[in-house]
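Hello,

Here is the structure I promised to pass on. My notes follow below it.

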Amino acid sequence: MSRQSYILRRLLQAVVALFVVTTIMFVLFRIAPSDPASVALSPSLSPKLRQAKLAQFGLDKPLIVQYKLYLQNALALNFGQSYFYREPVSRILARRMTNTFVLMAPALLIAYSLGTVLGGWAAWRRGHTPDRAVLVAATLFRSVPSFVLSLVLLYVFSFKLQWLPNGHMVSPTASFSSNVQKFVSVAFLKHVLLPVVSIVPFLMAYPVLLMRTTMLETLNEDFITMCHAKGLTARRVFVDHAVRNSLIPLITTMPIILGLSVTGNILVESIYSWPGIGSVLVQSLLKGDYPLSQGAFLLIAAIIIAGNFVVDVVYSMVDPRIEYN
Amino acid sequence: MLEVRDLRTRYTLGEDEELDAVDGVSFEIGEGTVFGLVGESGCGKSTVAKSIIRTLSRNGSVVDGEIRFKGTDLLGASPAELRRIRWEEIALISQSAMNSLDPVYTAGEQIREAIRAHRDVDAEWMDARVQELFEVVGIDPGRAEDYPHQFSGGMKQRIMIAMSLVLDPDLIIADEPTTALDVVNQDTILHYLERLQEETGASILLITHDMGVVAEICDRVGVMYGGHLVEEGPTLDVFTDPIHPYTVGLKNSFPSLRGAADDLITIPGSPPDLRQIGSQCRFASRCPFAVERCHREEPSLAAYGPEHSAACFRIDELGEEIARRGAERRTWYDDAVDEVGEQP
Amino acid sequence: MSQDASTSTWLDRLDVRTDALRNAYRVVTKTRRGQFGLYGLSVVLFLAVFGPLLAPYPPLQAQVRPNGALVSLAGPSLAYPLGTTASGYDVLSQVLVGARTVFVVGVITGVVSVGIGTTVGIVAGYFGGYVDDVLMRITDIAYGIPLLPFLVVALTILGRSIFAITLLIGLLYWRNSARVIRSSVLSLRDEEFIQKAKTVGASERRILYKQVLPNVLPLSLLYFAFAMGIGVLFASSIAFLGFGDPSRISWGRMIFVAWTRAGTFKQPLWVIAPGAMLSVLIASVYFVGQTYEEVANPELGDH
């Protein structure tokens with residue numbers, strides 16, 4: 001099978017997954033014990049007005065029709081109006097997506113690169129103290145919940161030492177000439193530091209352990225012995241051959257990290273009042289703003305599914321041995 | 001060319017368990033000679049090879065003995081010196097050609113890498129050399145930039161041979177070069193090895209469990225069992241007039257060297273557990289000629305012909321009788337003592 | 001291990017099982033990390049069982065001083081070793097009582113995740129073909145659903161009970177173990193003893209129970225450890241976000257209350273105590289799992 005049909009199949013799978021998730025969302029919100037619209041509508045409305053409002057939200061039609069409408073709207077990226085913000089959901093999410101991105105992209109980058117390097121180092125110093133230390137550290141990073149770490153960091157650096165702000169992306173009173181200006185400003189950097197530091201350890205743990213494990217397995221391969229027999233220096237064997245072969249699993253397990261980053265992201269955004277997608281998901285659920293919740297959830301799911309797909313494509317280009325089956 | 005004296009290599013296995021996979025092995029390989037090291041799996045022959053170029057695994061180490069290559073002490077050589085000697089002077093053809101090439105680099109790249117590690121030459125020279133070598137081993141030079149997985153097993157083995165020749169080494173260690181191949185490819189590979197040896201004048205240390213392979217191209221042969229060298233000499237002598245009971249048994253178990261197949265024997269029993277062996281002849285428990293002394297002392301190599309030696313206490317007494325009686329089935333199945341495995 | 005059930009007595013089988021346990025114990029205690037993990041787990045287990053009995057005060061009893069004032073946000077003292085919450089509850093008591101909820105949630109999530117995962121893995125791996133395809137498609141889709149968002153949405157809709165939490169985590173998290181178990185079964189399927197059982201005419205159900213399951217069990221147990229860690233992590237995370245079961249005290253919920261009552265910084269022990277306990281529990285479970293894995297795959301160890 002050629003690479004093209006492999007990619008096409010993966011694409012199809014991604015679309016199906018997206019479809020299933022969308023349907024699950026629809027079902028979940030329709031089986032909610034309380035009529036979601038009632039939450040937003042004041043109980044003092046007359047039955048006639050109430051009926052009109054329901055019609056406005058399209059909630060008076062039979063389920064199948066609602067489903068069809070729902071799908072059509074979803075395709076057009078129309079998720080309705082937020083009950084509380086009185087704005088189209090898509091606009092709110094678009095705004096917040098950038099904020100989440102400027103937080104998560106650096107965090108993921110740092111976590112992955114630091115993690116890979118540490119894992120490689122642990123494998124290089126196999127059996128000695130650095131290796132053991134890295135193993136313990138990585139486990140601790142996975143075990144301390146990121147919200148606990150965030151609170152500790154906030155306590156030390158924001159409350160006690162007063163070095164860093166205690167939340168938000170920029171201080172409410174600041175103004176900037178453009179978005180780009182905003183994101184490179186010192187103020188922004190001060191605000192983004194703690195959230196990133198809170199989430200990186202959790203994201204880093206898996207790459208560290210994976211890199212270490214993969215390296216150790218690779219180092220046992222016959223071609224590594226052959227490289228030594230060829231008279232290559234230990235360093236060259238390690239970097240050119242061992243590391244090179246160990247990077248591939250790191251790519252294929254990206255989806256796992258992506259999944260974890262969603263979790264970390266929601267927690268960290270909530271604690272630091274970071275105006276991103278994670279925090280809006282939680283807030284909208286707590287307030288009963290269902291259109292916004294749906295939109296946020298679907299956006300996150302779409303990102304995950306798309307991320308999985310991109311990883312599959314990248315992997316197919318990187319490994320010369322891939323068999324498409 | 002290569003002198004191995006009293007080599008002892010030890011493996012540590014987990015909880016304080018050790019075994020000496022090679023226990024006092026000595027032999028010499030002259031210039032331009034093909035020396036075969038033959039024995040059952042687990043007898044230590046591969047370990048000998050790895051000890052020479054020091055590619056033992058993490059839990060293995062040479063604990064005694066001397067290895068001299070063209071006069072240089074290999075065991076005491078510095079890491080830098082060792083790296084220089086590797087490939088430039090001693091090359092390795094490994095038994096698992098399937099896995100001896102890095103899957104993410106092309107064949108040509110890996111050969112060039114070997115050159116770059118030792119010589120400072122320009123790209124043209126390297127490319128020319130790669131093409132030349134591919135032709136020598138009979139693979140289309142246009143495929144030099146293909147990846148290992150695109151070659152068949154036999155071709156990969158030939159690439160290994162090509163790669164081993166790239167710096168004109170004086171000694172090639174071929175560790176079971178044909179084991180993983182089918183019979184047709186085996187023949188081809190041996191054929192190449194022989195031709196190359198004649199053309200380049202390199203010495204070859206050929207390690208195998210297949211007596212037939214040894215008979216084909218080796219000038220001299222050493223028979224190993226349980227970490228010991230039990231017989232050594234010119235191939236013809238060892239094969240036509242084996243002295244040691246084990247060699248005699250081996251000879252009589254290979255169809256290519258005997259007539260009718262129903263005269264074949266198998267040596268009952270199995271190799272000893274080297275973790276618990278004491279000082280004794282390693283073959284004693286399976287040997288039909290063993291006496292009490294064989295279980296108490298280790299015999300050493302003694303000469304019985306101009307260049308032919310064997311390690312056995314009973315040779316002086318029995319001499320040619322060993323070869324004669326060893327050819328009969330009855331010797332092995334009625335007289336075998338101690339740990340007899342399965343009766344046929 | 002492959003004794004025919006009809007010939008061995010239940011005593012024999014018990015023997016085999018304790019043997020396996022003793023083996024597992026020996027394996028896990030090989031590294032200091034494994035030992036630490038076992039200690040940690042035992043401590044939390046102990047608290048889970050005896051915690052409520054050891055608590056000096058009822059966890060939801062507002063503590064008042066002799067003069068009637070509420071002991072709110074007090075620091076550590078002899079009377080209240082870990083201080084009190086904003087509402088005057090004793091933090092130590094809450095930690096002790098909360099242990100049970102956290103531990104039970106962890107265990108049940110682990111069991112559900114790995115239970116479903118092992119079943120799916122075995123069925124997909126053993127029967128192959130169409131069944132395998134369908135099950136793997138479902139697994140792929142399960143992978144596409146992000147766990148925490150799904151949990152918070154589902155809990156909002158279905159109500160925040162502890163049963164819902166444990167079930168929902170298990171409902172998605174089986175996907176990890178399913179894949180791994182399936183590969184293991186695939187390689188097992190072609191092994192000799194399965195073929196032998198088939199030729200003897202053993203029913204498939206019997207083969208699955210007697211041959212496949214015991215061989216896959218160690219892997220399942222390993223994944224149970226990791227699933228339990230994840231279960232505790234996620235359960236405490238959703239409790240922290242406010243989606244936990246309000247009728248039960250748990251360490252995650254304690255931190256939620258502290259955070260929303262702005263008590264974090266005035267009485268850090270209110271957060272640090274449950275936070276540390278959570279970390280210890282999760283780390284312990286991971287250490288145990290890691291060590292077990294290293295023994296099965298010696299190259300992974302640091303020896």
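Two strands pair if DSSP finds at least two bridges between them. Helices (H or I, at least four residues) and strands (E, at least two) are DSSP runs, numbered from the N terminus. This is a predicted model: local features need pLDDT of at least 70, side-chain atom pairs count only at pLDDT 80 or more, and totals for chains, interfaces and linings use all residues. Residues are numbered from 1 along each chain as its sequence is written, with chains lettered from A and ligands numbered from 1 in the order in which they are written.

Chain B, strand 10

Strand 9 (residues 220-225) of chain B runs antiparallel to strand 10 of chain B, and six bridges join them. B:Tyr225 sits opposite B:His228.

Strand 10 (residues 228-234) of chain B is mostly covered, with six of its seven residues buried (20 or more other C-beta atoms within 10 Å of the residue's own, C-beta atoms being placed from the backbone).

Chain A, domains

An automatic or database assignment sets the domain bounds. Chain A has domain 1 (3-75) and domain 2 (91-318). Their contact (C-beta atoms, placed from the backbone, within 7 Å) takes 14 residues from domain 1 of chain A and 14 residues from domain 2 of chain A. On the domain 1 side, helix 1 (3-30) and helix 2 (36-40) of chain A each give two or more residues. Helix 1 of chain A gives the largest share, 12 residues.

Best wishes

Methods. A residue is buried if 20 or more other C-beta atoms lie within 10 Å of its own, exposed if 12 or fewer, and partly exposed in between; C-beta atoms are placed from the backbone. Two residues are in contact if their C-beta atoms, placed from the backbone, lie within 7 Å.
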